[in-house]
Amino acid sequence: MGIVTTAELMAAATAARCGVLAFNVITLEHAEAIVEGAQRSAKPVILQLSQNAVAFHGGRIGPISAAAHTLARSAAVDVALHLDHVQDMGLLRQARDAGFSSAMFDAGALPYEENVVATRAAAEWAHGAGLMLEAELGYVGGKPDAPASAHAKGVRTDPAEATEFVERTGVDALAVAVGSSHAMTSQSAVLDHELIATLAEAVPVPLVLHGSSGVPDDQLRRAVRAGMVKVNVGTALNVAFTRAIRDALVDDMLVDPRTYLSPARELMAGKVQLLLAAASPTIRDRSPEPA
Ligand code: G3H
Ligand code: ZN
């Protein structure tokens, strides 16, 4: 119990044929809620910090990472730290010293050959530093800084290209585009389960589902059954956080942040429990899905 590596959690999830949830940390309250929800569920969890969240903290990775690391070390469940959606190599180079055991290098919006070159360089550096590296092939839409050329809708990861991409880049995990999209505030995405199963069969490293907030619970379960290993969730916690604060602030007299951050943290912890129940205990069975 306490801090472990992302590689350990993903290997354990693969062996146990279940998913491991990775939740985005923005504030200290997010990290506290994620660890609390995981402890109540008695399940391992990944705390992930995105490059955008680092930017929110003034570009300083240290303070929020130190808080997450401290929570992870003292947790009653296994917790790993992952640096997410990194585009800046300068930030990637800070990952290990900030306590992360893995990072996702995000070149998914680049044309294929440019993605290969950039990702291979990132993987070489990460492996030299002892970090696990995740990359993305096939653009998962919905990111705030998406380039105009990136197709948010309809794009899918091609299985043959994905296999070649992993061989050429040496990455340890692959984020794939299978129908989810980032920042959805309702669970209305429709995943391509046939494609997930084909990718899981073809790709020699664990698959990662991004934009999982928009995926209905039953589809999350099916995705894990079909071979998804790491399931990334961000927006669903922010929806809970903001709802609680909005409700509390109806009272104009409230000024103490604890009066609205406490329910916000509690609602996020509850959401973590629900999502852990939906996605992480599923025994993966590669037999065909019932119709
Ligand atoms: O990498 C982070 C996840 O893909 C979060 O996506 O905010 O749509 O759940 P989400
Ligand atoms: Zn993502």
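# Chain dimensions and the shell around ligand 1

Me: Which radius of gyration does the chain have, and why does that agree with a compact globule?
Reply: In this predicted model, local features need pLDDT of at least 70 and side-chain atom pairs pLDDT 80 or more, while totals for chains, interfaces and linings use all residues. Residues are numbered from 1 along each chain as its sequence is written, and side-chain values use heavy atoms, with hydrogens and water left out. The globule rule, 2.2 Å times the number of residues to the power 0.38, is applied with the radius taken over C-alpha atoms. Because a compact globule of 291 residues would have a radius of gyration near 19 Å, the chain agrees with its value of 18 Å.

Me: How many polar residues does the shell around ligand 1 have?
Reply: Around ligand 1 there are 14 residues, a residue being near if one of its heavy atoms lies within 4 Å. By class, with Gly counted among the polar residues, the shell has two nonpolar residues and one charged residue, and its polar residues come to 11.

Me: What share of the area that ligand 1 exposes when taken alone does the protein bury?
Reply: An oxygen atom of ligand 1 is 2.6 Å from an N or O atom in the side chain of Thr235, where a polar contact is a pair of N or O atoms within 3.5 Å. Taken alone, ligand 1 exposes 310 Å², with accessible areas from the Shrake-Rupley method and a 1.4 Å probe. Of that area, the protein buries 96%.

Key
Chains are lettered from A and ligands numbered from 1 in the order in which they are written. A polar contact is a pair of N or O atoms within 3.5 Å; within protein, one must be able to donate a hydrogen and the other to accept it, and residues adjacent in sequence count only if both atoms are side-chain atoms.
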